[in-house]
Amino acid sequence: MPFFKITLMRSAIGLPMKTTGVLKALGLRKRMATVFHPVSPQVAGQIMAVKELVAVSEVENAMSKAEFKATRKPDPGYYIETPASVALKRA
């Protein structure tokens with residue numbers, strides 16, 4: 001089942017209450033927040049009402065909050081190797 005991946009790119013400050021209400025209905029409160037909704041005509045209509053503010057892509061599976069956070073986590077930049085003295089003691 002396909003899903004819309006919707007990310008709020010621009011703030012709704014200073015926009016009409018109708019636009020703000022659509023964003024709240026989609027579950028978008030802060031910039032760069034991402035939500036997943038199943039593909040339907042109702043959601044597509046809401047997206048069209050705020051198309052200048054959001055980035056939309058169609059994905060096959062919705063991700064949980066923890067899964068989405070894990071994809072955004074950068075590599076640590078280093079790898080921990082065992083020191084030579086510890087490796088010799090094991091042998």
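So, Thr-19: leaving out anything up to four places away in sequence, Thr-19 touches Val-50 and Leu-53, where contact means heavy atoms within 4.5 Å. Thr-19 sits in helix H1; helices here are DSSP runs of H or I with at least four residues, strands are E runs of at least two, and both are numbered from the N terminus. Thr-19 is also buried, at 17% relative accessible area. Buried means under 20%, exposed over 50%, and partly exposed in between, using a 1.4 Å probe and protein chains only.

Before I go on, this is a predicted model, so to speak of local features we need pLDDT of at least 70, side-chain atom pairs count only at pLDDT 80 or more, and totals for chains, interfaces and linings use all residues. Residues are numbered from 1 along each chain as its sequence is written, and side-chain values use heavy atoms, with hydrogens and water left out.

Okay, the core. A nonpolar core is a set of buried Ala, Val, Leu, Ile, Met, Phe, Trp, Tyr and Cys residues joined through side-chain atoms within 4.5 Å. The largest one has 14 residues, and the members touching the most others are Ile-6, Leu-23, Leu-26, Leu-28, Val-50 and Val-54. Strand S1 (3-8), helix H1 (17-26) and helix H2 (41-49) each put in at least two residues. Take Ile-6: beyond its neighbours within four places in sequence, its contacts include Leu-26, Leu-28, Val-43, Ile-47 and Val-54.

Next, the aromatics. What counts is ring centres of Phe, Tyr or Trp (its six-membered ring) within 6.5 Å; planes under 30 degrees apart are stacked, over 60 edge-to-face, the rest tilted. That gives one pair. Phe-36 and Phe-68 are edge-to-face, 6.2 Å centre to centre with 80 degrees between the planes. Phe-36 is in strand S2 and Phe-68 in helix H3, 32 residues apart. Phe-36 is buried at 17%, and Phe-68 is buried at 16%.

Last up, the largest pocket, with about 270 Å³ of space. A pocket is an open set of points on a 1 Å grid where a 1.4 Å probe fits, with protein on both sides within 12 Å along at least five of seven lines; lining residues have an atom within 4 Å of a point. Of the 13 lining residues, Met-32, Ala-33, Thr-34, Lys-65 and Phe-68 are closest to the centre. Strand S2 (34-38) and helix H3 (65-72) each give two or more, and H3 gives the most, with four.

Definitions and conventions:
Grid points are joined across faces, edges and corners, and a volume is the space filled by probe spheres set on the points.
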